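I opened my notebook to look up a few things in a structure. Here is what I went through, entry by entry.

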Amino acid sequence: MRRPDPIPATSQLGFCVLTMHNGGVDTPTDVLGDAWTCRTLHLKDDPATRRTGIEPVATLVSQRDVDPGRVAVLWVHGFVDYFFHDHLAAPLAAAGYQLYGLDLRDCGRSYQEGRAINDTDNLARYTEEIDRSVRELGLVHGKVVVAAHSTGGLTTALWADARPYLVSRGTLAALVLNSPWLDLRAGRWAKTVASVGSDLVGRVAPRTVVTHLGEHYGKALHVDTGGEWDYNLDWKSHESPPVTAGFVRSVRQAQTRVAHGLDITCPVLVLASDSSGPHDRHHDDLVTTDCVLDVADIERLAPRLGADVTFKQVERGAHDLSLSPSPARESFVDTMITFLDARTR
């Protein structure tokens, strides 16, 4: 993958237009290259707007050439992340699926100077841009699959639980969760402390930084530090990004809802690596194990998402299974396509 040139957030927003066509219209080029374009979604004011005066935006990324006869697959990223997974487009297209990406508010292409990057004190705020994207893709393709990673997997699970009407209408065809963040990776005592502490601090001072992400996994992914993938480090940093109390509080509230049981009515595929590795140091298995989450937690909690849940493990998969080394990456894609062929056709 080529590394996109950094683009100032203040200059890039506003020129993105989603092109649902098969050529013939002059549209702007996305950072992924000539084959891709994007559209800025202007969202309702949120608490950050009241602090900064800046309205939130999200970004819907599309290939220029769209086949309406394909089933749409909307990729929703995780925490400190954005959509750069264009390597998935060709195998999905060959199987009859059209890939899109959604950069949530304050993430990736949707970051705006003056607003905090990669931060929210309520995962439910992302509902607006997910709703908008699914509605628009549904108008073009009819059926939409939402494929989401890590925190995006947690967010979209709660979103899908609240959208049974999209399933009954035939719009939401399936949910694919790539290493969803269904629980904290910690012992019971540490989870309790994190829940109580983040609830107390998150209510009164949500922007307080309570911890930082580890740097080892990100460095193992990126080409500049020995990895395979070339992406924008301004948008997906591995330099110990901050984590706020408000964010942790919202995540723990969402995870508690999962633990109590959801009722997602569409077919759900949950994928995880076949093992977890250490997250707090460098080691040789950073991209062949899940060194962010405990895969046992994912397997334990997956059945609580709904009545129709399939759980699959990918041998030697990374935390983001789509960024795993070969052949795990191909195994992830093949498993997803096999599931979708069986459940969405």
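**Entry: the model**
I note at the start that this is a predicted model.

**Entry: helix 5**
I began with helix 5, residues 151-161. How many of its residues are buried? I found eleven of the eleven, so the helix is largely enclosed by the rest of the structure. Among them are Thr151, Leu154, Trp159 and Asp161.

**Entry: strand 9 and its partners**
I moved on to strand 9, residues 268-273. Six of its six residues are buried, so this strand is also largely enclosed by the rest of the structure. I looked up its pairing. Strand 9 pairs with strand 6 in the parallel sense, over four bridges. There I saw leucine 175 opposite valine 268 of strand 9. Strand 9 also runs parallel to strand 10 (residues 309-314), and six bridges join the two. In this pairing alanine 272 stands opposite glutamine 313 of strand 10. I then followed the chain from strand 9 to strand 10: it passes through helix 10 (residues 295-301), and this β-α-β crossover is right-handed.

**Entry: salt bridges**
Side chains of opposite charge can pair when their charged atoms come close. I looked up the total, and the structure holds 22 salt bridges. I picked out three.

- Glutamate 136 and arginine 39 meet through their side chains at 2.4 Å, N to O. Glutamate 136 is in helix 4 and arginine 39 is in strand 1 (residues 36-42), so I noted a link between distant parts of the chain, 97 residues apart. Glutamate 136 has 17% relative accessibility and counts as buried. Arginine 39, at 28%, counts as partly exposed.
- Aspartate 161 pairs with arginine 257, and their closest N and O atoms are 3.6 Å apart. Aspartate 161 belongs to helix 5 and arginine 257 to helix 9, so the pair ties together parts 96 residues apart in sequence. Arginine 257 is partly exposed at 42% relative accessibility.
- Arginine 115 and aspartate 106 form a salt bridge at 2.7 Å, N to O. Both residues are buried.

I also found a network of salt bridges that links Asp46, Arg105, Asp106, Arg115, Glu128 and Glu129.

**Entry: cysteines**
A disulfide is a covalent bond between the sulfur atoms of two cysteines. How many disulfides did I count? The count came to zero. Cysteine 266 is buried at 0% relative accessibility. Cysteine 291 is buried too, with a relative accessible area of 2%.

**Entry: nonpolar cores**
In soluble globular proteins, nonpolar side chains tend to be buried together. Which residues have the most contacts inside the largest nonpolar core? They are Ile264 and Leu305, in a core of 53 residues. I listed the contacts of isoleucine 264, leaving aside neighbours within four places in sequence. Among them are Ala157, Ala160, Asp161, Leu175 and Leu305. A second, separate core has 43 residues, including Leu271, Leu323, Ala328 and Ile337.

**Entry: tryptophan 181**
I found tryptophan 181 in the loop between strand 6 and helix 7 (188-204). Is tryptophan 181 buried or exposed? Its relative accessible area is 15%, and the cut-off for buried is under 20%, so tryptophan 181 is buried. Tryptophan 181 and threonine 151 are 30 residues apart in sequence, but their C-alpha atoms are 5.3 Å apart in space.

**Entry: backbone**
Most residues other than glycine have a negative phi, and most peptide bonds are trans. I looked for exceptions. Serine 326 and proline 327 are joined by a cis peptide bond, with omega about 5 degrees. Proline 327 is in the loop between strand 10 and helix 11 (328-344). Arginine 316 is in the loop between strand 10 and helix 11. Its phi is positive, near 60 degrees. Arginine 316 is partly exposed at 46% relative accessibility. Serine 240 also has a positive phi, near 50 degrees.

Key. Residues numbered from 1 in each chain as written. Predicted model: local features only at pLDDT ≥ 70, side-chain atom pairs only at ≥ 80, totals over all residues. Heavy atoms only, no water. Buried < 20%, exposed > 50% of the residue type's maximum accessible area, 1.4 Å probe, protein only. Pairing = 2+ DSSP bridges. Right-handed = clockwise from strand over helix to strand, strands pointing away. Salt bridge = Lys/Arg side-chain N within 4 Å of Asp/Glu carboxyl O. Disulfide = S-S within 2.5 Å. Core = buried A, V, L, I, M, F, W, Y, C linked by side-chain atoms within 4.5 Å. Contact = heavy atoms within 4.5 Å.
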